[in-house]
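Reader: I'd like to go through this one term by term. Could you back each label with its value and its cut-off?

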Amino acid sequence: MATGAALYLVFVIFRKLDSSPYALVKLGIIGSAVGLVLDAFALWNRDVFFAKLSNEQLLVFTIWMAFAYGLYLALPLFMAKGDKS
């Protein structure tokens, strides 16, 4: 829930900076693409970045990361839908 709340706050702030119709959707797509590349690099080099995590902890982090990127892509769509009504 904290991840969703933090992302919502980021999108609200970004909407004030860029009021174009699909600004939030663009932020979600670009932010997800950049973040996924960086996280893929970090997971590929997990011995360097996550040396102290057990396999179970690394799996939980990866699941949380996938959920967070799902929110990062879905939340702007829900917020944009709310703007139209």
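This is a predicted model: local features need pLDDT of at least 70, side-chain atom pairs count only at pLDDT 80 or more; totals for chains, interfaces and linings use all residues.

Reader: Let's start with Ser54: why is it called partly exposed?

Author: Ser54 has a relative accessible area of 30%. Buried means under 20% relative accessible area, exposed means over 50%, and partly exposed is what lies in between (1.4 Å probe, protein chains only). Ser54 at 30% therefore counts as partly exposed. Residues are numbered from 1 along each chain as its sequence is written, and side-chain values use heavy atoms, with hydrogens and water left out.

Reader: Where does Ser54 sit, and how far is it from Leu75?

Author: Ser54 is in the loop between helix H3 (46–49) and H4.

Reader: What makes a stretch a helix here, and how many helices does the protein chain have?

Author: Helices are DSSP runs of H or I with at least four residues, strands are runs of E with at least two, and both are numbered from the N terminus. On that basis the protein chain has four helices and zero strands. Along the sequence that reads α-α-α-α.

Reader: How do you know how the length of H2 compares with what's expected?

Author: The expected span is 1.5 Å times one less than the number of residues. H2 (residues 23–44) has 22 residues, and its first and last C-alpha are 31 Å apart, close to the expected 32 Å. H1 reaches 23 Å with its 16 residues, close to the expected 22 Å.

Reader: What makes you speak of a buried side of H1?

Author: Thr3, Leu7 and Phe11 are the buried ones in H1. They cover an arc of only 65° around the axis, so they lie on the same side of H1. The arc is that of the directions from the helix axis to the C-beta atoms. Ala2, Leu9 and Lys16 are exposed on the face of H1 turned away from that buried side.

Reader: And which residues are buried in H2?

Author: The buried set in H2 includes Leu24, Leu27, Gly28, Gly31, Ser32, Asp39 and Leu43. On the face turned away from it, H2 carries the exposed residues Ile29, Ile30, Val37 and Trp44.

Reader: Why is Asp39 called buried?

Author: Asp39 comes in at 19% relative accessibility, so it counts as buried. Asp39 touches Met65 and Tyr69, leaving out residues up to four places away in sequence. Contact means heavy atoms within 4.5 Å. Asp39 and Thr62 are 9.0 Å apart, C-alpha to C-alpha, and 23 residues apart in sequence.

Reader: What about Ser32, buried or exposed?

Author: Ser32 is buried, with a relative accessible area of 4%. Beyond its neighbours within four places in sequence, Ser32 is in contact with Leu27, Tyr69, Tyr72 and Leu73. Tyr72 in turn touches Leu7, Phe11, Leu27, Gly28, Gly31 and Ser32, again not counting residues up to four places away.

Reader: What makes a group of residues a nonpolar core, and which have the most contacts inside the largest one?

Author: A nonpolar core is a set of buried Ala, Val, Leu, Ile, Met, Phe, Trp, Tyr and Cys residues joined through side-chain atoms within 4.5 Å. The largest has 13 residues, and those with the most contacts inside it are Leu7, Phe11, Leu43, Phe50, Tyr72, Leu75 and Met79. H1, H2 and helix H4 (55–84) each supply at least two residues of this core. H4 gives the largest share, six residues.

Reader: How does the radius of gyration of the protein chain compare with that of a compact globule?

Author: The radius of gyration is taken over C-alpha atoms, and the globule rule is 2.2 Å times the number of residues to the power 0.38. A compact globule of 85 residues would be near 12 Å, but the protein chain has 15 Å. Its C-alpha trace spans about 45 × 20 × 15 Å along its principal axes. Buried residues make up 28% of the 85 residues.
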